[in-house]
Each structure stands twice: as C-alpha cells, then as structure tokens.
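Below is a short report on one protein chain. Look over the model first, then read on.

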Amino acid sequence: MKTITGTMDASGLKVALVVSRFNDLFTRNLVEGAKDCLVQHGASEDAIDVVWVPGSFELPNAAKELAESGRYQALIGLGVVIEGATDHASIITHTVAQKLMDLSLQYRMPIIDGVVGAKTMEQAMERCGAKQGNRGWSCALVAIEMASLTRRLQDRS
Ligand code: DLZ
C-alpha cells in the first residue's frame, strides 16, 4: 500500500490571491491572513501576487487569466458576500464556487474558493478576523497542501 499526501511546505511556491474589492473592509483581512499563512509556511513575499477585482462575481474571470499564464502553483479567490445586504447572495457564492472548481479541474491546479458567505456583518467579521477564524488563512493552508499534492501526483504520471 502506498500513501500519498501533500506537505505543508510553501517554499518555492508562487501563489496569486484574487480578491474582491466589494466589502474590502473584510477582504483586506482575508488577504493579510492568507499572506501570513503562506509566509509562515515558507513562501517568499515576492512569490505572492495580489490581484483585485470589483466583486466576487469577477473572481473566476481573473482566475482564468492567471491559471492560463502558467506562472502559479495555486490560486486563492477571496471575497465576502453578506446575505442580509445582497440580493441573490447564494447565487453569487454558488456560481463562483462552481466556476473556480471548473477552472481548477481544467487547469489541473488548486484554485481555492475563499468566498465567505455571512448572514450578518458580525458573522463576516468573525470569519475574516483573527487567525483561527480567518478564512484567508485556512484557504492558504489548503492551497499549500494541494499544490504539493498536485505536484507529487503529476510527477508520478
Ligand atoms: C452587486 C454586488 C452585491 C449586491 N453584493 C456583493 C457582495 O456581497 N459581495 C461581493 O463580492 N460582490 C457583490 N456585488 C458585486 C458583484 O460581485 C459584481 O461585482 C457585480 O455584480 C458586477 O458583475
């Protein structure tokens, strides 16, 4: 039996964060959480690019261009959709999640969905705040592990 896993070593990783400017009061914290996590796991700050888009709905467009460039081992989409303040909130979050997954499969690379759905501003604050509750941080952890695992699996084929 052979067990194959990814590592949590981000050294040498080139990652792009694609970030929604809508609700940037919160998304800026997600960016900080993701950057902190990547750097603490060995990534160089110079290897992290941050790309801003108007709203979460535009995350897949920019992610597609970045994936197509072949420059990155992982992408992380970051956004915040607050249900109480946004009509069709669940349509935005589900559509974006589906499109990011489609791109991830198409380009054979991790493209992580870090769009936070929140019922209220308070809930958004909790999910975008301190490290253990920061979705940017947890998405960066997933990106590191999946980039490593993807490389290992592709090296075998
Ligand atoms: C229009 C809109 C609304 C109402 N709410 C949000 C939101 O809560 N979070 C978010 O990231 N973006 C929102 N947007 C903007 C859309 O994502 C998109 O930018 C516009 O519909 C233009 O395509």
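What covers the buried residues of α2? The cover includes β1 (15-20), β2 (48-53), β3 (74-82), α3 (89-107) and β4 (111-118).

## Basis of the model

This is a predicted model: local features need pLDDT of at least 70, side-chain atom pairs count only at pLDDT 80 or more, and totals for chains, interfaces and linings use all residues. Residues are numbered from 1 along each chain as its sequence is written, and side-chain values use heavy atoms, with hydrogens and water left out.

## Overall fold

The chain has five helices and four strands. From the N terminus on, their order is β-α-β-α-β-α-β-α-α. Helices (H or I, at least four residues) and strands (E, at least two) are DSSP runs, numbered from the N terminus.

The radius of gyration is 15 Å, close to the 15 Å of the globule rule for 157 residues, so the chain is as compact as a globular protein of that length. The radius is taken over C-alpha atoms, and the rule is 2.2 Å times the number of residues to the power 0.38. Along the principal axes, the C-alpha atoms fill a box of roughly 50 × 35 × 30 Å.

## Burial and contacts

Buried residues make up 43% of the 157 residues. Buried means under 20% relative accessible area, exposed over 50%, and partly exposed in between (1.4 Å probe, protein chains only).

Take the contacts (heavy atoms within 4.5 Å). Among those between residues at least 6 apart in sequence, 79% join residues at least 24 apart.

## Helix α2

Helix α2 spans residues 59-69. Its buried residues include Leu59, Pro60, Ala62, Ala63, Leu66 and Ala67. They cover an arc of only 160 degrees around the axis, which puts them on the same side of α2. That arc is taken from the directions from the helix axis to the C-beta atoms. An α-helix has 3.6 residues a turn, so residues three or four places apart point the same way.

The face of α2 turned away from the buried side carries exposed Asn61, Glu65 and Glu68. Just after α2, Gly70 takes a positive phi of about 70 degrees.

## Thr93 in α3

Where is Thr93 placed? Thr93 sits in helix α3. Thr93 is buried, with a relative accessible area of 19%. Leaving out residues up to four places away in sequence, Thr93 touches Val81, Val115 and Gly117.
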